[in-house]
Amino acid sequence: MNNDLKALFPALNQTLDGYPLCYLDTAATSQKPAQVLEAMDSFYRQHNANVHRAAHQLSARATSAYETVRDSLKEFIGAAQSNEIIFTSGTTQSINMLAWGLTSQLHQGDVILVDSAAHHANIVPWQELAKRSGAEVVPIPLTADLRLDIQAYQKQLDTLPVRIVALAHVSNVLGTVNDIKALSAMAKAKGALVAVDGAQAIAHHKVNVVKLGCDFYSFSSHKMYGPSGVGVLWGCYQELDKLEPMLTGGEMIDTVSFDGTCFGQLPNRLEAGTPPIVEVIGLGAALKFIKELPVEAFDHEQQMLNLLQQRLAQLPQVELYGAHQDNTGAVAFNLKGEHHQDVGILLDQQGIAIRCGHHCAQPLMQIMQISGCCRASVGVYTSREDIDRFITALEDAIDLLG
Ligand SMILES: Cc1ncc(COP(=O)(O)O)c(C=O)c1O
């Protein structure tokens, strides 16, 4: 079944130096099915106009197509209202927009708890918010098996003046999953806001933001089979409406005069300027693609991840990091005594694409006491053959380096 799916992704059907591409870097960005490419192409060819602006028919058509995607996203993540969906350029912009928008709500001495396994995009904006407001960023520790330390988290909530909790739904390095529902409930009991980075969860989990109980949820289209250049900040209306806009200008206003400006309503208030229109259309096509996938496609993807973990665990030269059966999407490892970059280069010579480095998670690398690692990640198109080829190439790398 996954081989049929693979055929839908043009970029996967190519060879590199005579080797068929084996793409195990979906956590960095997923490949795009033809229907996403076609939706974007046909929008430019037939419907292209700016949204929300003109009286003409083309603009009305473009606006309707653009707003339809907002409605689909509302359904997709179980939001209460479409105007809780803000289009951004991606997770990084979503979290920056959020941290900026919260500035006047934070004060000297307030604490922002941040997941130690977070991506830099979910750390640095909070550090900047702390600088602006006098608040303090405090990391939430991990357990020895690299999961979030729930007891330590509860203690932090009990003893510190926590205003915001910033969590990853799924770690982009390890693939470990946070129980957002439970962690949100713990934070809410103390009156803290909960901001979740869903970049690595959205293509793999059925996300329902209301059931998760968080206040904000961010993700990027390009990690969910859609185009780059667009992402989402979801917030529950009450909290989203309190955010100060990071970007100001056209489209986000109600009235402007040289005596002053009145901002418009959500979602426009947080979407200044011309949005990434065609990328939103592509994201709409990606949502349709995901929604039409049979459940078996997601079961298969999980089996591929577990197979990767098992096959790697059988190699004595491999050191695995935080590889739990209930992880999502990615597995992190090193070859003992070898540099992660060397491994990546050797695999690439056989057409196998993985990611090596610190994965924009330097605090996690510091906890793990490594400079970097290799990460193999899967999507619905990953096949058993991909895993076999990866393991064979890794064995070759072990022989060569050893
Ligand atoms: C967990 C996580 N958060 C944030 C980001 C940043 O996403 P983007 O570069 O699309 O803004 C990534 C990207 O790898 C990620 O994996």
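Predicted model: local features only at pLDDT ≥ 70, side-chain atom pairs only at ≥ 80, totals over all residues.
The domain assignment divides the protein into two parts. Domain 1 is built from two stretches, 2–24 and 294–401. Domain 2 covers 37–290. The centres of the two domains, taken over C-alpha atoms, lie 28 Å apart. The domains touch. From domain 1, 32 residues take part in the contact, and they meet 26 residues of domain 2. The size of an interface is often given as the accessible area lost when the parts come together. Between domain 1 and domain 2, the buried area is about 2200 Å². Carbon and sulfur atoms contribute 63% of that area.

Helix α4 spans residues 91–101, and helix α5 spans residues 124–133. Their axes are 9 Å apart and form an angle of about 15 degrees. Because angles under 35 degrees count as roughly parallel, α4 is roughly parallel to α5. The crossing of these two helices is right-handed. On the α4 side, the contact is made by Ile95, Asn96, Leu98, Ala99 and Trp100. On the α5 side, Pro125, Trp126, Leu129 and Arg132 take part. Seven of the residues in this contact are nonpolar, one is polar and one is charged.

Helix α11 runs over residues 295–313, and helix α14 over residues 384–401. The angle between them is about 20 degrees, with 10 Å between the axes. This angle makes α11 roughly parallel to α14. Their crossing is right-handed. Helix α11 supplies Gln303, Met304, Leu307, Leu308, Arg311 and Leu312 to the contact. These residues meet Arg384, Ile387, Asp388, Phe390, Ile391 and Leu394 of α14. The contact of α11 with α14 holds eight nonpolar residues, one polar residue and three charged residues.

The pair α2 and α10 remains. Helix α2 covers residues 34–47, while α10 covers 277–292. They pack at an angle of about 145 degrees, and their axes are 8 Å apart. The crossing of α2 and α10 is right-handed. In α2, the contact residues are Gln35, Val36, Ala39, Met40, Phe43 and Tyr44. In α10, they are Ile277, Val278, Glu279, Ile281, Gly282, Ala285, Ala286, Lys288 and Phe289. By type, the residues of this contact are eleven nonpolar, two polar and two charged.

Two points in the backbone also deserve a note. The peptide bond from Leu266 to Pro267 is cis, and its omega is near 0 degrees. Pro267 sits in the loop that links β12 (260–263) to α10. The other point is Asp17. This residue is not a glycine, yet its phi is positive, at about 50 degrees. Asp17 lies in the loop between β1 (15–16) and β2 (19–20).

Definitions and conventions: Residues numbered from 1 in each chain as written. Heavy atoms only, no water. Axes fitted to C-alpha atoms, helices over the stretch in contact; angles between N-to-C directions. Helix = DSSP H or I, 4+ residues; strand = E, 2+ residues; numbered from the N terminus. Parallel < 35°, antiparallel > 145°, perpendicular 65-115°, else oblique. Left-handed = near helix turned anticlockwise from the far one by under 90°. Contact = heavy atoms within 4.5 Å. Nonpolar A, V, L, I, M, F, W, Y, C, P; charged D, E, K, R; others polar. Domains from an automatic or database assignment. Buried area = accessible area lost by both parts, 1.4 Å probe.
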